[in-house]
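Here is a short note to read beside the model. Take the points in order and find each residue as you go.

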Amino acid sequence: MAAIEIKALEKDYKDVKALKGLDMVIEEGQVYGFCGPNGAGKTTTLKILVGLVRATSGEASIRGIDALNDGVEARKHVGYLPESYGMPRWDTPRKFLTYIGILSGMSKADISKRIEDISGEIGLTDNLDRKIKAISKGNKQRIGIAQALIHDPEILLFDEPTTGLDPIGRNDVLDTMREYANKGKTVLFSTHILSDVEKICDTVGIIHEGLLIEEGSPEELRKKHEAKDLDAVFLKVARHG
Ligand SMILES: Nc1ncnc2c1ncn2[C@@H]1O[C@H](COP(=O)(O)OP(=O)(O)O)[C@@H](O)[C@H]1O
Ligand SMILES: [Mg+2]
């Protein structure tokens with residue numbers, strides 16, 4: 001069974017056709033890099049998968065569960081990192097993460113343990129008890145990631161997790177995603193930073209104007225387009241659509 005399956009997915013925002021019949025299959029245990037220029041439809045796709053945006057037509061499933069009509073059940077398997085969101089500035093990460101854990105139906109004891117474990121893994125421990133407003137952007141991203149991991153989901157959907165981070169922060173986030181997939185879980189993340197994709201992805205999908213125009217392993221795509229790196233692949237395929 002695929003972790004995620006998307007078929008003929010379309011989304012119209014009034015007169016904007018954001019998705020024009022997207023087809024994607026993401027196998028379990030993979031890191032899948034979802035690449036495309038601004039406005040290509042990446043955020044829309046991820047939001048449809050978590051039920052924040054309603055699809056115009058098409059199908060999407062998560063571990064075989066219909067994500068469009070049985071979203072509550074499908075979302076139990078998913079950890080989602082939005083492109084940006086507000087966190088309670090006056091609370092500490094520990095309090096915020098506890099709150100998110102309670103919303104997922106976890107027990108207080110499970111939440112405490114999980115917060116300690118994840119924080120150790122992603123480097124949040126030293127900031128767990130500071131006020132969020134005093135925490136740097138890179139460390140705020142770690143809180144966002146911890147929030148997505150709290151209920152130990154099978155599938156991660158991360159929307160531009162490395163954008164705006166310094167090289168150390170970016171590497172930490174990439175490592176976290178790779179390690180998660182190495183445990184047999186599945187990671188789908190959007191980005192326009194192709195060097196990040198090259199580092200950790202098993203499969204790359206390039207979305208352009210609401211359609212998947214290229215897919216394969218980084219190596220396959222480089223060979224196919226006789227390109228030295230994915231940037232060169234991207235320029236070739238995105239220009240010609
Ligand atoms: N709420 C919205 N209302 C109208 N148009 C939108 C809305 N959200 C996104 N769009 C449009 O849909 C297209 C895809 O956007 P998006 O999914 O955010 O792309 P990406 O994440 O790849 O940058 C863009 O043309 C964008 O302007
Ligand atoms: Mg986006």
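1. Gly51 follows H1 and has a positive phi, near 80°. Helices here are DSSP runs of H or I with at least four residues, strands are runs of E with at least two, and both are numbered from the N terminus.

2. A word on the source. This is a predicted model, in which local features need pLDDT of at least 70 and side-chain atom pairs count only at pLDDT 80 or more, while totals for chains, interfaces and linings use all residues. Residues are numbered from 1 along each chain as its sequence is written, chains are lettered from A and ligands numbered from 1 in the order in which they are written, and side-chain values use heavy atoms, without hydrogens or water.

3. Now H1 itself. Of its 8 residues, 7 are buried, so the rest of the structure largely encloses this helix. Buried means under 20% relative accessible area, exposed means over 50%, and partly exposed lies in between (1.4 Å probe, protein chains only). The buried set is Lys42, Thr43, Thr44, Thr45, Leu46, Ile48 and Leu49.

4. Which protein atoms are donors of the magnesium ion (ligand 2)? They are Thr43 (OG1) and Glu83 (OE), at 2.0 to 2.8 Å. The two sit 40 residues apart, with Thr43 in H1 (residues 42-49) and Glu83 in the loop between strand S6 (78-81) and helix H3 (93-103). Donors are N, O and S atoms within 2.8 Å of the metal (3.2 Å for Na, K and Ca); water is not among the atoms, so sites may look incomplete. Glu83 has 46% relative accessibility, so it counts as partly exposed.

5. Next, the strands. Strand S1 (residues 4-13) runs antiparallel to strand S4 (residues 57-62), joined by 5 bridges. Strands pair if DSSP finds at least two bridges between them. S4 also pairs with strand S5 (residues 65-66), antiparallel, over 2 bridges. Follow Ile62: this residue of S4 stands opposite Ile4, and also opposite Ile65 in S5. The S4-S5 hairpin has 2 residues between its strands, and Arg63 there takes a positive phi near 50°.

6. Last, a charge and a ring. Lys11 lies over the face of Tyr13, 5.1 Å from the ring centre. The rule asks for NZ of Lys or CZ of Arg within 6 Å of the ring centre and within 35 degrees of the ring normal.
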